[in-house]
Amino acid sequence: MTTTGDGRASRWAGHRERRREEIVERAVAVIDSEGADAPVESIARACGVTRQVLYRQFDHRHDLDVAVADRIVSMLLDHVIVRMTTDDGVEAGLRGTIDAYLDFVLEHRPLYDFVRALPAAPGSGSPVDRITDVVVTVVATLAGELIGSDAAARLPLRDVYATGLVGLADAVVSRWLADPGARSREELVDTLVDVLQLCIQPVLAQAAGRA
């Protein structure tokens with residue numbers, strides 16, 4: 001008897017999770033089409049349900065928003081991380097990463113604005129914090145591979161260097177997005193790559209000096 005009950009509960013939980021995923025996917029599409037302020041009614045309509053039925057799958061609007069933001073973050077990271085490599089050199093890696101980030105943001109600007117505007121939930125970081133944390137970790141790992149494990153162990157690659165590089169790039173790109181007419185995308189990328197390389201060179205030199 002207990003087994004039957006557990007089986008029904010498991011099937012219901014699986015159905016609810018699948019339904020949540022469907023709603024989140026359609027919500028992402030609605031926001032991408034209608035804008036970061038798309039109302040819940042538009043999302044419910046895209047799902048073919050009423051607002052009341054939609055909310056049966058989520059505790060409240062913020063619960064839905066967080067699920068949507070998490071999906072957008074995963075989409076962005078999937079798009080960017082594959083370009084974060086130094087196989088063809090540091091400059092090529094920087095340029096590829098920045099271009100991949102800009103490609104996603106400019107193609108899906110409402111999704112970017114939605115994630116940026118969502119505050120952190122109590123007791124957890126914001127979606128932007130999640131993006132930053134993942135990218136910082138990858139940058140620190142790549143830096144460690146460049147300078148070698150011995151030098152990497154002696155330098156604050158993650159907490160200082162990688163965090164600083166990612167923060168600098170994010171600030172520059174955010175400022176440009178607020179006023180893209182100030183300079184072309186090509187000029188932005190060229191200049192940002194140059195600045196990041198100037199920041200990286202002393203770290204490489206310091207690591208070589210300590211080797």
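**Salt bridges and a helix**

E187 pairs up with R183 in a salt bridge, and their closest N and O atoms sit 3.9 Å apart. Keep in mind that you're looking at a predicted model. What about the surroundings of the two partners? E187 is partly exposed, with a relative accessible area of 39%, and R183 counts as partly exposed too, at 39% relative accessibility. There's also a network to look for: salt bridges with shared partners tie E91, R95 and D190 together.

Why would side chains pair up like this at all? Side chains of opposite charge can pair when their charged atoms come close. Go by the 4 Å rule and you end up with a count of 14 salt bridges in this model.

Let's zoom in on one piece of that network. R95 and D190 meet through their side chains in a salt bridge, 2.7 Å from N to O. This pair links distant parts of the chain: R95 belongs to helix α5 (residues 90–107), while D190 belongs to helix α10 (residues 185–210), and the two are 95 residues apart.

Now try a salt bridge inside one helix. D113 forms one with R109, and here the closest N and O atoms are 3.0 Å apart. Both residues are in helix α6 (residues 109–117), four residues apart, so about one helical turn separates them. Here's the general idea: an α-helix has 3.6 residues a turn, so residues three or four places apart point the same way. As for accessibility, D113 is partly exposed at 30%, and R109 is partly exposed at 29%.

Finally, find helix α7, which covers residues 127–147. How far apart should the ends of its 21 residues be? At 1.5 Å a residue, the helix should span 30 Å, and its end C-alpha atoms are 31 Å apart, which agrees. Next, look at which residues of α7 are tucked away. The buried ones are P127, V128, I131, V135, V136, V138, V139, A140, L142, G144 and I147. Just past the end of α7 comes G148, and its phi is positive, at about 95 degrees.

Note on methods:
Residues are numbered from 1 along each chain as its sequence is written. This is a predicted model: local features need pLDDT of at least 70, side-chain atom pairs count only at pLDDT 80 or more; totals for chains, interfaces and linings use all residues. Side-chain values use heavy atoms; hydrogens and water are left out. The expected span of a helix is 1.5 Å times one less than its number of residues. Buried means under 20% relative accessible area, exposed over 50%, partly exposed in between (1.4 Å probe, protein chains only).
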